[in-house]
Amino acid sequence: MTPDTLLPLLAVLPPLAYGLLALACARVWFGRQRPRPGHTPPVTILKPVKGTDAESFENFASFCRQEYGGQWQMLFACASADDPVIPVIRRLMAEFPDRDIDLVVDGTIHGPNYKVSNLINAFPRARHDILIVCDSDIRVSPAYLGEVIAPFADPAVGLVTSLYRSPGVRGAATALEAMGFTVEMVPNVMVAQRLEGLSFALGASMAVRRAALESIGGFPALVHYLADDYQLGNKIHRAGWRLELSDCFVESVMHREDLSTVLSRQLRWCRTMRVSRPGGYLGSGITQPVPLACLALLVSGCSATGWGAVLLLYLTRALVALAFSRRYLRDGIFPRWLWLLPLRDVLSFATWALSFAGNRVRWRGHLFRLLPGGKIVEIG
């Protein structure tokens with residue numbers, strides 16, 4: 001093999017190899033023997049809410065249809081009595097009168113993360129020692145509680161988190177965001193868990209033992225951070241507790257949105273991870289397909305060899321994406337939206353690069369400045 005042939009292949013090798021590694025890690029994880037649900041301690045589900053999401057009532061109602069053998073409480077936390085989500089919660093209480101559902105309305109601000117402020121305000125009403133923090137746009141299966149709680153049978157487990165997917169996308173812009181779960185988030189978690197162990201949580205669903213939460217200072221320890229999910233998992237991990245990844249996917253239900261909204265949210269996530277895990281985030285650049293595909297073309301002078309290396313990269317990437325989507329996530333994203341995969345990669349590289357160009361993020365209508373380590377200060 002001549003240097004002219006070898007260089008383009010070497011250029012695309014990192015993202016190509018990473019994709020295959022992620023697939024191998026997923027095969028091991030999803031193919032293992034899974035623990036059977038059976039541990040059913042009492043549980044409190046904490047839901048911080050602000051405004052309504054797509055299909056809010058059905059999202060909330062999915063938690064009321066749990067096939068769980070133990071007691072559980074669902075506690076909503078809201079900052080304003082005028083919030084439009086409150087009538088939805090009242091309807092939920094009326095349609096599920098046999099369920100233990102409560103609402104805390106308290107506008108006390110404890111720090112710049114208003115979601116965590118809601119959690120702090122509601123926490124005194126949480127009656128049970130296993131707590132689940134779950135985003136308001138999440139929908140779950142009837143088996144969710146049983147599967148998420150099962151690992152707590154081991155007293156060394158401090159937190160259990162869940163992977164998420166978006167099976168019902170509305171339009172190309174939403175598909176671009178949803179496929180990020182399929183081709184980036186889940187593969188990244190598979191590799192991280194296999195190579196270094198789980199040391200973070202995913203905000204869609206986080207179940208935590210009360211003793212583990214108290215060992216890090218409770219929710220007040222998170223109120224000055226934007227990535228409260230990452231910090232919760234990482235702090236509990238560093239406190240000596242074990243983190244587990246649940247077998248049960250939860251579903252992120254999305255609005256139909258325009259591309260600018262999606263880009264803004266993606267940039268916020270990227271900048272948050274850059275300050276939370278600076279070394280790992282910088283190193284993730286070598287797995288970005290777009291710049292290395294361009295490099296392969298550059299070093300080959302856009303020859304047939306260069307284009308062949310790019311074709312090999314994207315054939316492999318398409319096969320890995322299909323495997324994750326159809327076999328593991330079962331989200332229906334691929335093959336329908338496979339034609340958007342190169343654009344998704346462009347978006348991913350653009351937000352990764354732009355994350356180094358500033359420290360401002362917009363979240364729920366508020367503007368913040370990110371500080372080293374992941375803390376935030378509100379601007380204006």
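The legends below describe close-up views of a predicted model.

**View 1. Strand 6 and its two partner strands.** Strand 6, spanning residues 157-161, is mostly covered, with five of its five residues buried. Strand 6 runs parallel to strand 9 (residues 242-245), and four bridges join the two. In this pairing, Leu-159 stands opposite Leu-243 of strand 9. Strand 6 is also joined to strand 8 (residues 205-209), here by three bridges and in antiparallel orientation.

**View 2. The salt bridge between Arg-242 and Glu-244.** The side chains of Arg-242 and Glu-244 meet in a salt bridge, with an N to O distance of 2.8 Å. Arg-242 is partly exposed, at a relative accessible area of 35%. Glu-244 is likewise partly exposed, and its relative accessible area is 21%.

**View 3. Burial of helix 2.** Helix 2 comprises residues 56-64 and is mostly covered, since eight of its nine residues are buried under the cut-off of under 20% relative accessible area.

**View 4. The salt bridge between Asp-135 and Lys-115.** Side chains of opposite charge can pair when their charged atoms come close. The side chains of Asp-135 and Lys-115 form a salt bridge at 3.2 Å, N to O. This pair links distant parts of the chain, 20 residues apart: Asp-135 lies in the loop between strand 4 (130-134) and strand 5 (138-139), whereas Lys-115 belongs to helix 4 (residues 114-122). Asp-135 is partly exposed, with a relative accessible area of 24%. Lys-115 has a relative accessible area of 17%, so this residue counts as buried. Together with Asp-228, Lys-115 and Asp-135 are linked in a network of salt bridges. The count for the model comes to 16 salt bridges.

**View 5. The salt bridge between Arg-165 and Glu-251.** Arg-165 and Glu-251 meet through their side chains in a salt bridge of 3.7 Å, N to O. The pair links distant parts of the chain, with Arg-165 in strand 7 (residues 164-165) and Glu-251 in strand 10 (residues 250-252), 86 residues apart. Arg-165 is buried, with a relative accessible area of 17%. Glu-251 has a relative accessibility of 25% and therefore counts as partly exposed.

**View 6. A nonpolar surface patch on helices 1 and 11.** Leu-6, Leu-7, Leu-10, Leu-13, Leu-295, Leu-298 and Val-299 make a nonpolar surface patch of about 600 Å². Helix 1 (3-31) and helix 11 (289-299) are the elements that give two or more residues to the patch. The largest share, four residues, comes from helix 1. Leu-295 lies in helix 11 and is partly exposed, with a relative accessible area of 34%.

View 7. The unreviewed UniProt entry lists residues 6-30, 281-300 and 306-325 under "transmembrane region". In the model, residues 281-300 are 70% helix and 0% strand, and their end C-alpha atoms are 29 Å apart. Residues 306-325 are 100% helix and 0% strand, with end C-alpha atoms 28 Å apart.

Definitions and conventions
Residues are numbered from 1 along each chain as its sequence is written. This is a predicted model: local features need pLDDT of at least 70, side-chain atom pairs count only at pLDDT 80 or more; totals for chains, interfaces and linings use all residues. Side-chain values use heavy atoms; hydrogens and water are left out. Buried means under 20% relative accessible area, exposed over 50%, partly exposed in between (1.4 Å probe, protein chains only). Two strands pair if DSSP finds at least two bridges between them. UniProt positions are given in the numbering used here, feature names are shortened, and annotations may be inferred rather than shown by experiment. Patches are made of residues with over 30% relative accessible area and no salt bridge: like charges are joined within 9 Å, nonpolar side chains (Val, Leu, Ile, Met, Phe, Trp, Tyr) within 5 Å. Accessible areas come from the Shrake-Rupley method with a 1.4 Å probe; for residues, only the protein chains shown count as cover. A salt bridge is a side-chain nitrogen of Lys or Arg within 4 Å of a carboxyl oxygen of Asp or Glu.
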